[in-house]
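These are my notebook entries on a structure that I looked up residue by residue.

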Amino acid sequence: MNTIAQSVLKSFSEIFSSQPYFFYSPGRINLIGEHVDYNDGFVMPAAIDKGVYYAVAKNQTDNIHFYASDFDEHFSVNINAVKSDDGWRNYVLSVVNEFLKLGKNIGGFDCVFGGDIPRGSGMSSSAAVEGGLAFAINEMYNIGLSRVDLALLCQRAEHGFPNVKCGIMDQFANMNGKKDHVILLDCKSLDYQYFPLLLKGYKIVLLNSKVHHSLASGEYNIRRQRCEEGLGIIKKHMPVQSFRDIKNIEALAIAKNEMSPKVYDCCRFVVEEIARTQKAAQLLQQNDIPAFGKLMFETHEGLSKLYEVSCEELDFLVEQAHNFPAVIGSRLMGGGFGGCTINIVAEDGIDSFIEDASREYQQQFNIVPEAYIVETADGTNTLAITP
Ligand code: GLA
């Protein structure tokens with residue numbers, strides 16, 4: 001058992017006297033398909049070996065006690081008084097609230113959680129926090145929700161108290177991840193396939209820009225609104241249900257005059273990104289990783305210029321990566337406005353890439369970035385407690 005898992009269990013035994021259940025809830029990467037999950041697109045995420053550990057036990061009262069070990073903060077609430085708060089509390093309370101909204105009979109419990117997903121890194125620590133608790137409640141109270149239902153519950157939870165109108169990708173990957181695989185998820189039907197991730201000779205390296213712009217969640221919701229507005233205009237001109245029914249950007253011309261430039265650019269990005277992700281899935285099946293990598297660069301360009309969710313620091317990291325022969329694909333990952341870039345890097349070039357990119361980045365921004373070589377992992381699960 002790793003040290004974080006041990007320290008979560010240790011904190012639990014120091015604060016509470018009962019024997020807890022124990023769970024692991026992973027963060028996620030996304031290879032391609034960004035900002036299209038809430039636009040009925042396709043995405044290609046995987047759960048990873050960075051996540052959140054949860055030790056939880058029922059306490060036979062009406063009170064819920066949380067200890068967030070990463071923040072060294074306690075919080076207690078009566079189950080009948082669950083309401084919006086702030087910070088990490090909103091994520092856990094909103095999950096509890098969603099179970100209550102379903103009319104599920106849950107009682108008080110004691111809970112310690114903590115993990116190793118850097119906050120604001122774009123690896124979705126929020127979905128890991130939500131997913132771990134939802135899974136725990138579902139198990140402890142024998143509620144019987146499926147993994148897909150749990151993912152949907154967690155998505156509703158994020159829309160709730162935290163007020164981030166996210167798509168389904170993060171919560172879905174958190175629940176349904178499979179080691180050595182990526183998920184090709186159809187965000188409209190929630191049909192999904194696992195693809196073996198055979199990156200022979202390559203690894204996935206995340207570079208954390210260590211910047212996180214505070215407007216991120218507000219800007220995220222604004223992107224979503226732009227797309228909804230654009231789709232509304234498009235629908236007046238053609239019989240489409242969603243962006244995936246628009247075959248190419250030429251087809252958008254008919255509605256362009258009625259859209260503001262920003263709305264048009266967002267629609268254009270979404271149409272292109274949906275097509276790109278479908279193409280990328282074929283390339284992955286053919287194991288054509290270099291061609292796949294090219295599409296990642298294209299995605300970044302679109303996210304930066306059209307969707308406007310990048311920032312100076314991320315653009316710099318991707319540009320550096322582009323000039324580095326060992327890197328075959330690079331782009332910002334997740335919601336944007338900071339966090340990580342995801343890079344596919346030839347194994348023998350990883351060390352020098354990390355070293356050079358970090359040095360250049362530090363010279364430019366006076367920030368030391370962090371690098372993580374990530375592996376895929378299974379979705380949220382129960383862990384055995386070993387001594
Ligand atoms: C965040 C959201 C996801 C998704 C990505 C962008 O991670 O939680 O639903 O929209 O941004 O692809």
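Predicted model: local features only at pLDDT ≥ 70, side-chain atom pairs only at ≥ 80, totals over all residues.

Entry 1, a loop residue. I looked up His35 and placed it in the loop between β1 (21-30) and β2 (42-43). For such names I took helices (H or I, at least four residues) and strands (E, at least two) as DSSP runs, numbered from the N terminus. Residues are numbered from 1 along each chain as its sequence is written, and side-chain values use heavy atoms, with hydrogens and water left out.

His35 is buried, with a relative accessible area of 4%. I use buried for under 20% relative accessible area, exposed for over 50% and partly exposed for what lies in between (1.4 Å probe, protein chains only). His35 is not a glycine, yet its phi is positive, at about 60°. Most residues other than glycine have a negative phi. I found a positive phi of about 60° at Asn287 as well, again not a glycine. Asn287 lies in the loop between α8 and α9 (289-306) and counts as partly exposed at 39% relative accessibility.

Which residues surround the ligand? I listed Arg28, Glu34, His35, Asp37, Tyr38, Cys166, Gly167, Met169, Asp170, Tyr220, Gly334 and Gly335; a residue counts as near if one of its heavy atoms lies within 4 Å of the molecule. This shell divides into four nonpolar, four polar and four charged residues. In that scheme Ala, Val, Leu, Ile, Met, Phe, Trp, Tyr, Cys and Pro count as nonpolar, Asp, Glu, Lys and Arg as charged, and the others, Gly among them, as polar.

I then looked up polar distances to ligand oxygen atoms. A polar side-chain atom of Asp37 lies 2.5 Å from an oxygen atom of the ligand, and for a polar side-chain atom of Tyr220 the distance to a ligand oxygen atom is 2.5 Å. Gly167 places a backbone N or O atom 2.9 Å from an oxygen atom of the ligand. On its own the ligand has 300 Å² of accessible area, of which the protein covers 94%; the areas come from the Shrake-Rupley method with a 1.4 Å probe, and for residues only the protein chains shown count as cover.

His181 is found in strand β7 (residues 181-186), and Tyr194 in strand β8 (residues 192-196). They are 13 residues apart in sequence and 5.9 Å apart in space, C-alpha to C-alpha. His181 is buried, at 18% relative accessible area, whereas Tyr194 is partly exposed at 29%.

The side chain of His181 reaches the backbone oxygen of Lys179 at 2.7 Å. The side chain of Tyr194 reaches the backbone oxygen of Asn176 at 2.6 Å. I took as a polar contact a pair of N or O atoms within 3.5 Å; within protein, one must be able to donate a hydrogen and the other to accept it, and residues adjacent in sequence count only if both atoms are side-chain atoms.

I defined a core as a set of buried Ala, Val, Leu, Ile, Met, Phe, Trp, Tyr and Cys residues joined through side-chain atoms within 4.5 Å. The largest has 129 residues, and Phe66 and Phe109 touch the most other members. Helix α8 (residues 261-285) gives the most to this core, with 12 residues. Another core, of 12 residues, lies apart from it and includes Ala5, Val8, Tyr53 and Tyr67.

Glu98 lies in helix α2 (residues 88-101) and is buried, at 3% relative accessible area. Its side chain makes a polar contact with the side chain of Lys101 at 3.0 Å. Leaving aside neighbours within four places in sequence, I found Glu98 in contact (heavy atoms within 4.5 Å) with Leu153, Arg156 and Ala157.
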